[in-house]
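Welcome! Please take a look at the model below, and then let us walk through a few of its packing details together.

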Amino acid sequence: MASAAPVANSSGAALVTGGCSGIGKALAHRLALRGYPLLLVSERSDRLETAAAEIRTAHGVLVHVLCLDLARPDAAQELHRRVQTLGLEVDILVNNAGIFFFGEAADAPTDRANALLQLQVVTPSLLCTLFGREMRERGRGHILIVSSISAWRDFPGIAYYGSSKRYLRGFARALRSEMGVHGVGVTCLAPGPTATALYGTAPETLRRGRQLGLFLEPERVAEVGLQALFAGRAECVPGIINRLLAHAAALTPQWVVDTIRRRASWLRVPQR
Ligand SMILES: NC(=O)c1ccc[n+]([C@@H]2O[C@H](COP(=O)([O-])OP(=O)(O)OC[C@H]3O[C@@H](n4cnc5c(N)ncnc54)[C@H](OP(=O)(O)O)[C@@H]3O)[C@@H](O)[C@H]2O)c1
């Protein structure tokens with residue numbers, strides 16, 4: 001996909017959570033292409049180091065890595081403190097890190113459910129508070145919040161995941177209104193199915209899904225998301241089919257969703 005303008009015009013860095021794989025890594029590459037020094041944050045240091053080396057070689061920008069479990073209750077404060085220690089000014093905050101699990105809420109392992117809520121509700125919100133406050137003082141900055149098309153309605157089977165993405169979408173909208181008057185842009189990126197490791201899909205299935213156009217490439221999602229961010233758009237759903245799906249899902253009555261779920265064996269509804 002063609003690269004797009006704005007080249008970084010300040011020394012401010014772009015902080016990308018979950019920047020070592022999937023959509024986050026693709027966002028990091030495309031921010032580096034625009035000249036931004038990077039700070040990649042995720043949990044696994046080997047993957048972080050590999051991604052950082054790849055980006056340095058490809059784009060010649062400064063890439064810092066920070067290994068941190070963002071599902072920890074104090075993760076946002078800890079990350080903010082470590083960024084201050086590094087002496088970095090964050091001009092672009094990308095809240096991207098996420099996990100997914102499928103199944104009824106009553107069956108969810110509580111530690112996994114707690115991690116999801118910390119990672120996809122508490123930490124990104126508090127990062128917006130801590131880094132957004134500094135952006136507001138400087139009168140410039142961009143915040144990209146990665147939600148999902150699952151935020152368009154309430155789906156049984158992904159109550160934790162979908163509701164966290166719905167929260168992020170709403171948070172992004174409110175934050176955008178608050179920050180816009182201070183020169184800080186906020187954009188919500190809501191991808192549909194994307195060919196990454198998120199769902200633990202087998203590589204062969206991902207390959208076929210890509211061929212059939214069921215999954216978008218993370219590079220495309222990232223580029224469309226960044227174009228929306230720099231154009232100052234409120235929301236962005238990459239791919240026309242995903243935009244149609246999101247709106248169709250929002251208009252579908254709940255009884256239709258429930259009927260499909262009861263009848264679709266692959267949705268693993270327990271028999272009672
Ligand atoms: N793929 C899709 O179809 C799709 C659709 C809509 C929205 N999204 C959203 O896009 C975002 C990126 O997902 P992806 O598809 O690119 O999947 P991915 O390749 O699995 O990336 C998830 C990233 O989150 C990081 N992460 C997970 N748990 C973490 C933790 N406790 N602390 C720190 N980092 C953690 C991972 O880092 P480690 O490897 O170090 O754990 C990884 O870099 C997510 O928010 C997801 O919900 C994806």
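## Helix packing and a buried arginine

In this predicted model, helix H3 (residues 75–86) packs against helix H4 (residues 110–138) at an angle of about 35°, and their axes are 8 Å apart. The crossing of this pair, H3 and H4, is right-handed. On the H3 side, the residues that meet H4 are Ala75, Ala76, Gln77, Leu79, His80, Val83 and Gln84, while H4 brings Thr123, Leu126, Leu127, Leu130, Phe131 and Glu134.

A second pair to look at is H1 (residues 22–33) with H2 (residues 45–59), whose axes come within 10 Å and cross at roughly 30°. Angles under 35 degrees count as roughly parallel, so H1 is roughly parallel to H2. The crossing of H1 and H2 is right-handed. Lys25, Ala28, His29, Ala32 and Leu33 of H1 make the contact with Ala51, Glu54, Ile55, Ala58 and His59 of H2.

Finally, let us turn to a single side chain. Arginine 261 lies in helix H9 (residues 254–263). Is arginine 261 buried or exposed? Its relative accessibility is 9%, so arginine 261 counts as buried, the cut-off being under 20%. The side chain of arginine 261 also has a polar partner: the side chain of glutamate 104, in a polar contact at 2.9 Å.

Methods. Residues are numbered from 1 along each chain as its sequence is written. This is a predicted model: local features need pLDDT of at least 70, side-chain atom pairs count only at pLDDT 80 or more; totals for chains, interfaces and linings use all residues. Side-chain values use heavy atoms; hydrogens and water are left out. Helices (H or I, at least four residues) and strands (E, at least two) are DSSP runs, numbered from the N terminus. Buried means under 20% relative accessible area, exposed over 50%, partly exposed in between (1.4 Å probe, protein chains only). A polar contact is a pair of N or O atoms within 3.5 Å; within protein, one must be able to donate a hydrogen and the other to accept it, and residues adjacent in sequence count only if both atoms are side-chain atoms. Axes are lines fitted to C-alpha atoms, for helices over the stretch in contact, and angles run from 0 to 180 degrees between N-to-C directions. Angles under 35 degrees count as roughly parallel, over 145 as roughly antiparallel, 65 to 115 as roughly perpendicular and the rest as oblique. A crossing is left-handed if the near helix is turned anticlockwise from the far one by less than a right angle, and right-handed if clockwise. Contact means heavy atoms within 4.5 Å.
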